[in-house]
Amino acid sequence: MPNLECRMYEARLPEVDEAVMIQVRRVTDTGVYVALLEYNNIEALIPQSELSRRRIRSIAALVRIGRQEPAIVLRVDLDKGYVDLSKRRVSQEDARTCEGRYNKSKLVHSIMRHVADTVDLDLEELYQRVAWPLYRKYGHAFDAFKLIAADPDAILDALTYEEEEKETGPDGEEVTKVVPAVTPEVKEALVKDIRRRMISQALKIRADVEMKCFQFDGVLHIKEAMRRAEASGTEDCPVKMKLIAAPLYVLTTQTLDKEQGISVLTDAIKACSEAIESHQGRLVVKEAPRTVSEREDNLFLDSIEKLNIAGDGDQSNEEEEDTGMGDVDVTEAAVGLQ
């Protein structure tokens, strides 16, 4: 059976001042012993003085066994493997950064572990061949995995691995043998699992805007503005914009990268606004770009559909489209039903 236990990062221990994700294991009079989740659950200590900025009456009342949260590395003894941490020195920014990195690393680790089990390969060897080189090159293996999902050959075929055994070179000297990092079997399993897992991680980003144009051909200007918005999308973040109930429109995209999705929708809103304002129209952002769950999105669309049916159920499609120039405001009612 392959060994499926391994740290997530190439370094065996974290660095001083690094924010790490921990899980509380046990509480003592001197402090709290925790597991470093990103470093194969090795044990570390949070001294009592580093638990809180406030005076501590009961450690047990301050921490909970099994809880996961970020901590800051205070001291590292590389020889003995000791790590001391601080809970009270974690800033909000530290916590956000640590949680974001850990969530990405956890997904990468899950994929790597499943592939190692599938191809009967030790997890650490797979990390050495694939994940750790990708961490070095791309900053995080998660970002490389997104590229692999779209074009696996460009990323994986470039990876090489130095074998321990030597080979004789043309001049008779022994040289390190360099081989492809992944075999066809490993590549197939890795790409299959990345695509399956990454697609399930896609986020839906949505923005709600109100758009009006009172010119004679206002509907045409609105359609053109919508096309401008959709043209702002990228291959990774395609933008869709549609009329919900005049004058309310929604812009949506799906992406693995939340920040990228919000940025793309923000640019799309700007392009749409500039296009409609050039024809004396107006665009108002009612809800800025944000992530929404499928359930939230479906509830919103259902509420809008009910409003349309209740308001004017027998109106023709052409007449509904023309109302894009009107000033009927259903936004507050629609948002209130989300």
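Student: How many aromatic pairs does a search of the whole structure find?

Tutor: Rings of Phe, Tyr and Trp (its six-membered ring) pair if their centres lie within 6.5 Å, with planes under 30 degrees apart counted as stacked, over 60 as edge-to-face and the rest as tilted; searching the whole structure on these terms gives three aromatic pairs. The rings of Y9 and Y39 have centres 5.6 Å apart and planes at 75°, so this pair is edge-to-face. Because Y9 lies in the segment before β1 (19-27) and Y39 in the loop between β2 (31-36) and β3 (42-47), the pair ties together parts that are 30 residues apart in sequence. The rings of Y127 and W132, with centres 5.4 Å apart and planes at 35°, form a tilted pair. Ring pairs also link Y9, Y39 and Y135 into a cluster. This is a predicted model, in which local features need pLDDT of at least 70 and side-chain atom pairs count only at pLDDT 80 or more, while totals for chains, interfaces and linings use all residues. Residues are numbered from 1 along each chain as its sequence is written, and side-chain values use heavy atoms, leaving out hydrogens and water.

Student: Are Y9 and Y39 buried or exposed?

Tutor: Buried means under 20% relative accessible area, exposed over 50% and partly exposed in between (1.4 Å probe, protein chains only). Y9 is buried at 9%, and Y39 is buried at 3%.

Student: Where is D122 placed?

Tutor: D122 sits in the loop between α2 (92-119) and α3 (123-138), and D122 is partly exposed, with a relative accessible area of 36%.

Conventions. Helix = DSSP H or I, 4+ residues; strand = E, 2+ residues; numbered from the N terminus.
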